[in-house]
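Hi everyone, thanks for coming. Let me put the structure up on the screen, and then we'll walk through it together.

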Amino acid sequence: MIRMAGTKGLQALKYLLGRNPGAIKKGVAASIPELGLRLGMDGTMAVVNASQTPGDLGDKLLTGLTDFGMSAGTGLVASRPFLGKPGIASGVDMIASVGGGYGSIPVSEQVLRAKDKLMGGSGETPWEKMGRQDQERFAQELEQQILAQHGLLYPRSTDYLNPGGLGTGGIG
C-alpha cells in the first residue's frame with residue numbers, strides 16, 4: 001500500500017514537472033534549466049521567509065518548507081496546461097507561485113501553533129510569542145517608572161541624604 005502510494009506520488013510529480021515519457025516524446029516537457037529556474041525562485045523566497053521568522057530552527061524549517069511546498073506546488077499545477085509554451089508557462093508559474101506563497105502564510109501559522117502546543121507551549125506562533133514578551137517587558141518597565149515617579153521604589157529621596165549608606169554619615 002505504501003509502495004503504491006509512493007509510486008503514484010512519483011508519477012504525479014513527474015506529470016506536474018512534465019517529465020513523464022509521453023511529454024518528453026512529444027516535445028512539450030519542461031527543460032531541466034527551466035524547472036531549475038522556476039523552482040529556484042520558489043526556493044529563494046522560501047529561504048527569505050524562513051530567515052525572517054523568529055524562533056528556533058524548527059520554526060524556520062517549518063515555515064520555509066510550507067512556503068516552498070505551496071508556492072512550488074501551485075506554480076507547477078497552474079502552469080501544467082502550458083508546458084508546450086515555455087514563456088506562458090513560466091509567467092503563469094510565477095503568478096501562481098506568488099499566490100501560493102501568500103496562501104502558505106495562514107497554513108504555516110497553524111503548523112507553528114500546533115508545533116508549539118506539541119512542545120508544551122500555549123499554541124502561539126513565534127511572532128505572537130515575541131509580541132507577548134514585548135508587552136510583558138513594556139508593562140514591567142511602565143510599572144517601574146510609575147513607582148519611581150511616586151517615590152515608592154528604591155532609591156527613595158531619603159536615600160540621597162545618606163549617600164554612604166548604612167548610617168556612615170556620608171563616609172563611604
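This is a predicted model: local features need pLDDT of at least 70, side-chain atom pairs count only at pLDDT 80 or more; totals for chains, interfaces and linings use all residues.

Start with helix 3, residues 32-51, and helix 5, residues 86-118. Their axes come within 10 Å and cross at roughly 15°. Angles under 35 degrees count as roughly parallel, so helix 3 is roughly parallel to helix 5. Which residues make the contact? On helix 3 you've got Glu-34, Arg-38, Met-41 and Asp-42, and on helix 5 there's Pro-86, Ala-89, Ser-90, Asp-93, Met-94 and Ser-97. Sort those by class and you get four nonpolar, two polar and four charged residues. As for handedness, helix 3 passes helix 5 in a right-handed crossing.

Now stay on helix 5 and bring in helix 4, residues 57-79. Here the axes come within 6 Å, and the crossing angle is roughly 145°. Helix 4 passes helix 5 in a right-handed crossing. The residues in this contact divide into 10 nonpolar, 12 polar and four charged.

Last stop: Trp-127, which you'll find in helix 6, residues 126-149. Is Trp-127 buried, exposed or partly exposed? Its relative accessibility is 48%, so Trp-127 counts as partly exposed. Leaving aside neighbours within four places in sequence, Trp-127 is in contact with Gln-52, Thr-53 and Pro-54. And look at Gly-55: Gly-55 and Trp-127 are 72 residues apart along the chain, yet their C-alpha atoms are separated by 8.2 Å.

Terms used:
Residues are numbered from 1 along each chain as its sequence is written. Side-chain values use heavy atoms; hydrogens and water are left out. Axes are lines fitted to C-alpha atoms, for helices over the stretch in contact, and angles run from 0 to 180 degrees between N-to-C directions. Helices (H or I, at least four residues) and strands (E, at least two) are DSSP runs, numbered from the N terminus. Angles under 35 degrees count as roughly parallel, over 145 as roughly antiparallel, 65 to 115 as roughly perpendicular and the rest as oblique. A crossing is left-handed if the near helix is turned anticlockwise from the far one by less than a right angle, and right-handed if clockwise. Contact means heavy atoms within 4.5 Å. Ala, Val, Leu, Ile, Met, Phe, Trp, Tyr, Cys and Pro count as nonpolar, Asp, Glu, Lys and Arg as charged, and the others, Gly among them, as polar. Buried means under 20% relative accessible area, exposed over 50%, partly exposed in between (1.4 Å probe, protein chains only).
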